[in-house]
Amino acid sequence: PLLACLLLTGIHVYFGIHVLERKIVFVDLALAQIAALGAATVLLIGQDFHSPAAYWLSLGAVLVGAFVISLTRARKSKISQEAFIGIIYVVAAAASLLVLSRSGEGDEELRHMLTGNILLVDLTEIVRTALLYLGVGIFHWCFRKRFILISLHPAEAFQRGIRVWLWDFLFYLTFGLVVVSSVKMAGVFLVFSFLIIPSTMASLFAEKISSRLFLGWGLGTAISLGGIALSYFADLPTGVTVVCTFGVILALLFIFRLLARRSGPRS
């Protein structure tokens, strides 16, 4: 579980910075729900929810979802991309519930998908996930200037004639690959927390992307390990304890930031 938290922090803080800059906070939930819908469809053909077939159907669904989401951003649009992502999420969630209703274990599978059980992760899964994250990380490092430009300055990217939709598709596809493995390991709630909360904390105190990245890594690692320790000593469910720990620390840091601004010098 400790190694799993380190892996989740490393990759999700990076994607979280991009997601916050793009103002598409719920894209993680949308892709996770699309992946869950793909996995749930195996129940219709009599396969197990955790079988290899479910994994490949999840990847296929994420591929389609990434393509659709990449088409929702236009240079000029009256409707925000977040609205389209919200629609995709709620439709995928409703469809997942319909499919799971056909299984006697549907309620239990839904609970597992949301909360996960990071305590049961084994070393084989850690290694496999680490290799996937490493491949995604290398890809994004090689094309970091293009991804940062599109996230921070999309208008400039359009002006340069860059195929924004193609790079958006590659962004959401690689992000979706990460989400499929992350949700399987830790559940939707914990993955969403790793994606958004450390990046939000870092944004309160840093402006540069590199500073936010390192600060987010440090905070995410420390808080997640603290949450695991709290769950152990207080005998609480690990995943939700870590999520709540993130929420409490974020609230405290936000209050500290507000007080620091008010007590600062005034012109």
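**Entry 1: Ser224.** I located Ser224 in helix 11, helices being DSSP runs of H or I with at least four residues, numbered from the N terminus. The model is predicted, so local features need pLDDT of at least 70 and side-chain atom pairs pLDDT 80 or more, while totals for chains, interfaces and linings use all residues. Residues are numbered from 1 along each chain as its sequence is written, and side-chain values use heavy atoms, without hydrogens and water.

I looked up the exposure of Ser224 and found a relative accessible area of 1%, which is buried (under 20%, with a 1.4 Å probe and protein chains only). The side chain of Ser224 reaches the backbone oxygen of Thr221 at 3.0 Å. Beyond neighbours within four places in sequence, I listed Cys5, Thr9, Phe194, Val242 and Phe246 in contact with Ser224; contact means heavy atoms within 4.5 Å.

**Entry 2: the core.** I then turned to the largest nonpolar core, which has 54 residues, with Phe15, Val27 and Phe175 touching the most other members. Such a core is a set of buried Ala, Val, Leu, Ile, Met, Phe, Trp, Tyr and Cys residues joined through side-chain atoms within 4.5 Å. Helix 9 (residues 164-186) gives the largest share of this core, eleven residues. For Phe15, I noted contacts that include Val136, His140, Phe171 and Phe175, leaving aside neighbours within four places in sequence.

How values were computed. Helices (H or I, at least four residues) and strands (E, at least two) are DSSP runs, numbered from the N terminus. Buried means under 20% relative accessible area, exposed over 50%, partly exposed in between (1.4 Å probe, protein chains only). A polar contact is a pair of N or O atoms within 3.5 Å; within protein, one must be able to donate a hydrogen and the other to accept it, and residues adjacent in sequence count only if both atoms are side-chain atoms.
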